[in-house]
Amino acid sequence: GTTLEPGEWFEMTQERVNQFADTTLDHQFIHIDAEKAAQTPFGGTIAHGFLSLSMLVHLTAEQTLVPDNIVMGINYGFDKVRFLTPVRTGKRVRALVTIKSVEEKEGNRLLVNLGCTVEIEGEEKPALVADWLNMYILG
């Protein structure tokens, strides 16, 4: 139930969106064609939802609590992900993290469930909410 301090703001640039489109082969116009995207209700290009989700690694890097005796951390998956508001390119995002649970597991492991909210600067609704599972292997 502990909520950590929000992370730093991070700008979602068109260059990053284009690179993600190239990496995933998702070149839908809403992400990469500013002229066509301007004609949509979004008024311009937007980041891929999966790009916003994948940025959790960076957005939470400075605010996640990690045990002192950790050998490694493993992305264990997500219990829930909801994309609520598209992130328009040029907007800034940051993550808010709540530690929802910590479970001891066999083999000297901890399963940590992080409730993550990615806020968009100046927007009322967040970009996404997710329950992110991290497995820590302890020494």
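Is Glu119 buried, exposed or partly exposed? Glu119 is partly exposed, with a relative accessible area of 22%; buried means under 20% relative accessible area, exposed over 50%, and partly exposed in between, with a 1.4 Å probe and protein chains only. The structure is a predicted model, in which local features need pLDDT of at least 70 and side-chain atom pairs count only at pLDDT 80 or more, while totals for chains, interfaces and linings use all residues. Residues are numbered from 1 along each chain as its sequence is written, and side-chain values use heavy atoms, with hydrogens and water left out.

Glu119 forms a salt bridge with Arg94, at 2.7 Å from N to O. Because Glu119 lies in strand β5 and Arg94 in strand β4, the pair ties together parts that are 25 residues apart in sequence. A salt bridge is a side-chain nitrogen of Lys or Arg within 4 Å of a carboxyl oxygen of Asp or Glu; strands (E, at least two residues) are DSSP runs, numbered from the N terminus.

Of its 12 residues, 9 are buried, so β5 is largely enclosed by the rest of the structure. With β4 it pairs in the antiparallel sense over 12 bridges; two strands pair if DSSP finds at least two bridges between them. Within this pairing, Arg109 in β5 is the bridge partner of Lys105. The hairpin of β4 and β5 has 3 residues between the strands, and there Gly107 takes a positive phi near 75°. Strands β5 and β6 also run antiparallel, joined by 10 bridges, and Asp131 in β6 is the bridge partner of Gly115.

The salt bridges extend beyond this pair. In the whole structure, a search finds 6 of them. Glu123 forms one with Lys91, with the closest N and O atoms 3.4 Å apart. This pair links distant parts of the chain, 32 residues apart: Glu123 is in the loop between β5 (109–120) and β6 (128–138), and Lys91 is in the loop between β3 (70–83) and β4 (92–105). Arg88 joins Lys91 and Glu123 in a network of salt bridges. Glu123 counts as partly exposed, at 29% relative accessibility. Another salt bridge connects Lys105 and Glu103, at 3.3 Å from N to O. Lys105 is partly exposed at 33% relative accessibility, as is Glu103 at 38%.

Finally, strand β3 contains Met72, which is partly exposed with a relative accessible area of 45%.

Key:
Helix = DSSP H or I, 4+ residues; strand = E, 2+ residues; numbered from the N terminus.
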